[in-house]
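Hi everyone, thanks for making time this morning. Let me put the structure up on the screen, and then I'll walk you through a few things in it.

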Amino acid sequence: MSPTEPEKKKSFYATMFVLTVVLLVVLLTCGPYLVTIASAEGPAERSAADASPIFGVTIPQGYKQWELVAPAEEAAPLDELRAVVGNQTAIEAYQAGKLPFPDGTILVKRAWKRKQSPEFASATIPGAATTVQVMVKDSKKYAATGGWGFGRFINGRPVDEAQHRTCFACHEARARSHDYVFTRLAP
């Protein structure tokens, strides 16, 4: 017995529907992961001059739109206001209380000189930008530094190698028990 023409069409449409649903599930499941990988690696056209010495970390595109992890204030002599933001991998790890942070986690600390608000005498507001500091988790690539690569940038350019050599030592001495990360998720 061979199926009739309408049964063949029904079978064809049912197969196409199932394939479409499977494709959508795969795209929705893998899409965020692929975006995280792409943002962690950054665009190929970035030059070596844009990357931090030692680690090769660059400023991730779109980081200014990332979710806030926590604000901070640095006392004198720096007198800075700071905000740490994280990519989706970082935010999910913080929310789940997951340590160590998973590979693909990126944290960016933005810093500004602290200044008094001209409108409200007791308020402090951001002044001139001072630094952008980046931590990228890749446990294989950065195994020697707790799984983290570091980048410190002034005016979009990485600081010198000597300054980058101090990054891990500071994190190791003060935040080893929290996967070398100082910042806790703001309540």
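Let's start with two residues that are both buried: phenylalanine 101 and tryptophan 148. Before I go further, please keep in mind that this is a predicted model.

How many aromatic pairs are there? The count comes to five. One of them joins tyrosine 94 and phenylalanine 101, with 5.0 Å from centre to centre and 65° between the planes, an edge-to-face arrangement. Tyrosine 94 has a relative accessibility of 10%, so it counts as buried. For phenylalanine 101 the figure is 3%, and this residue counts as buried because the cut-off is under 20%.

Phenylalanine 101 also pairs with tryptophan 148: the ring centres are 5.9 Å apart and the planes sit at 70°, so this pair is edge-to-face too. Now, where do these two partners lie? Phenylalanine 101 is in the loop between α2 (88-96) and β3 (106-116), while tryptophan 148 belongs to strand β5 (residues 148-154), so their pairing ties together parts that are 47 residues apart in sequence.

If you like rings, have a look at Phe55, Tyr142 and Phe150 as well, which form one aromatic cluster.

The largest pocket has a volume of about 610 Å³. Its lining is made up of 24 residues, and those nearest the centre are Arg82, Lys109, Gln133, His171 and Phe182. Which elements give two or more residues to that lining? They are β1 (67-74), β2 (80-86), β3, β4 (124-137), β5 and α4 (167-175). The largest share is from β1, with four residues. By residue class, the lining of this pocket splits into 14 nonpolar, six polar and four charged.

Last topic: the cysteines. Searching the whole structure for disulfides gives zero. Cysteine 170, for its part, is in no disulfide either, its nearest cysteine sulfur being that of cysteine 167.

Are these two buried or exposed? Cysteine 167 is buried, at a relative accessible area of 14%, whereas cysteine 170 has 30% relative accessibility and counts as partly exposed.

That's my tour, so over to you for questions.

Conventions:
Residues are numbered from 1 along each chain as its sequence is written. This is a predicted model: local features need pLDDT of at least 70, side-chain atom pairs count only at pLDDT 80 or more; totals for chains, interfaces and linings use all residues. Side-chain values use heavy atoms; hydrogens and water are left out. Rings of Phe, Tyr and Trp (its six-membered ring) pair if their centres lie within 6.5 Å; planes under 30 degrees apart count as stacked, over 60 as edge-to-face and the rest as tilted. Buried means under 20% relative accessible area, exposed over 50%, partly exposed in between (1.4 Å probe, protein chains only). On a 1 Å grid over the protein atoms alone, a cavity is a set of points where a 1.4 Å probe fits but cannot get out, and a pocket is an open set with protein on both sides within 12 Å along at least five of seven lines; lining residues have an atom within 4 Å of a point. Grid points are joined across faces, edges and corners, and a volume is the space filled by probe spheres set on the points. Ala, Val, Leu, Ile, Met, Phe, Trp, Tyr, Cys and Pro count as nonpolar, Asp, Glu, Lys and Arg as charged, and the others, Gly among them, as polar. A disulfide is a pair of cysteine sulfur atoms within 2.5 Å.
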